[in-house]
Amino acid sequence: MSHLAGSVFRLGAALEHTDLVARLLDVYVVRPSASVPAGHARTASLLRSVVGASDARDADPAATLDALALDRHEPASIAHAVAVARDAARRAREVVSTELWDCLDVTRSRMPRKVGGDRAHDFLGWAKERSALAVGVVDGDASRDDVWAFFTLGRSLSRVRTTSALLSSGLLDPSSPEAWSDALRGCGAAEAFRRGAHHDVDPSEAAAFLLLDTHSPRTVAFLAHRAVDGLERVTAACVADEVAAFRRAVAALDAVAPQEVLAGLRAVTTRLADAGKAVDAALEARVFSVASAVS
């Protein structure tokens, strides 16, 4: 393990976090559907908890938008994730392409300090586009070596944790088609779901797709298996227990029958979110921080 591993892992995780937070803010705060209580403090609190904000107490939605979009001191915010991505790229400059560095540097320099309420949707769209552009640069020019493996692992763990946290949270009423429509949009999977001949959002079909589909890159099963593949490639012995627990959580997901997915939804997603968080913490504490200190 070198100091590059942690930097590249954090870069992938930060880019994925940027996209997810932008989508979730847009769906649950900026442009909520009829199923989301407009201006409701509990919705804002639940959203903060899902994305891992430092303060998940009830808060005004406008304050939540400011905190999760622009607060550079909030670890769960878009602004903080953009700064982390740029800093990680700087630390891994020897393996990061010039095109990627320029993309991240420009994104960081153009991050606004304040966004008016009428421009929030445009800003969140811009954040999603900048994240997608950076990921696309890596997809297009990175060798499929250990650098790629750590970058992809960071992305996969970040998204599987947050998606699982969303599906196990109070933001989702498992019996509500409207709530599933919001969850699909918040995860960026709504169009993929509808392209599969799903014209209406049936809770059972939506749950089976978002949890168990192995072909769409926004689904829990796809992300979880990609994370397992990455962990098998780069895992250190010092995190073996956490990785084994994550594999067991993925095995429990695989054991869920499509017709029973709603009944087992909360249990399996809570387990996955917790296991992914434990792997992330173990990597930071026992692999990346040690490597950084040595370097």
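G170 lies in the loop between α7 and α8 (177–186), in a model that is predicted. Helices here are DSSP runs of H or I with at least four residues, numbered from the N terminus. Residues are numbered from 1 along each chain as its sequence is written, and side-chain values use heavy atoms, with hydrogens and water left out. As the model is predicted, local features need pLDDT of at least 70 and side-chain atom pairs count only at pLDDT 80 or more, whereas totals for chains, interfaces and linings use all residues.

- G170 counts as partly exposed because its relative accessibility is 41%, where buried means under 20% relative accessible area, exposed means over 50% and partly exposed lies in between (1.4 Å probe, protein chains only).
- Not counting residues up to four places away in sequence, G170 touches R42 and L46; contact means heavy atoms within 4.5 Å.
- G170 and A245 stand 75 residues apart along the chain, and their C-alpha atoms are separated by 25 Å.

**The buried residue A207**

- A207 belongs to helix α10 (residues 203–212) and counts as buried, at 1% relative accessibility.
- With neighbours within four places in sequence left aside, the contacts of A207 are W180, L212, V261 and L262.
- From A207 to L262 the C-alpha to C-alpha separation is 6.6 Å, although the two residues are 55 residues apart in sequence.

**Aromatic rings**

- The structure holds five aromatic pairs; rings of Phe, Tyr and Trp (its six-membered ring) pair if their centres lie within 6.5 Å, and planes under 30 degrees apart count as stacked, over 60 as edge-to-face and the rest as tilted.
- One of these is the tilted pair of F9 and F288, at 5.1 Å centre to centre with 45° between the planes.
- This pair links distant parts of the chain, with F9 in helix α1 (residues 3–30) and F288 in helix α13 (residues 261–294), 279 residues apart.
- F9 is buried, with a relative accessible area of 2%, and F288 also counts as buried, at 1% relative accessibility.
- One aromatic cluster is formed by F9, F150 and F288.
- R144 lies over the face of W148, 3.8 Å from the ring centre; a charge sits over a ring if NZ of Lys or CZ of Arg is within 6 Å of the ring centre and within 35 degrees of the ring normal.

**Helix packing**

- Two packed helices are described by the angle between their axes and the distance between the axes.
- The axes are lines fitted to C-alpha atoms, for helices over the stretch in contact, and angles run from 0 to 180 degrees between N-to-C directions.
- The axes of α1 and helix α2 (residues 41–51) come within 11 Å and cross at roughly 165°.
- α1 and α2 are therefore roughly antiparallel, given that angles under 35 degrees count as roughly parallel, over 145 as roughly antiparallel, 65 to 115 as roughly perpendicular and the rest as oblique.
- The crossing of α1 and α2 is right-handed; a crossing is left-handed if the near helix is turned anticlockwise from the far one by less than a right angle, and right-handed if clockwise.
- At this contact, H17, V21, L24, L25, Y28 and V29 of α1 meet T43, L47, V50 and V51 of α2.
- α1 also packs with helix α7 (residues 146–167), at an angle of about 30° and with the axes 7 Å apart.
- α1 is therefore roughly parallel to α7, and their crossing is right-handed.
- Helix α4 (residues 78–91) and helix α5 (residues 98–109) pack at about 145°, with axes 9 Å apart, and their crossing is left-handed.

Note on methods. Helix = DSSP H or I, 4+ residues; strand = E, 2+ residues; numbered from the N terminus.
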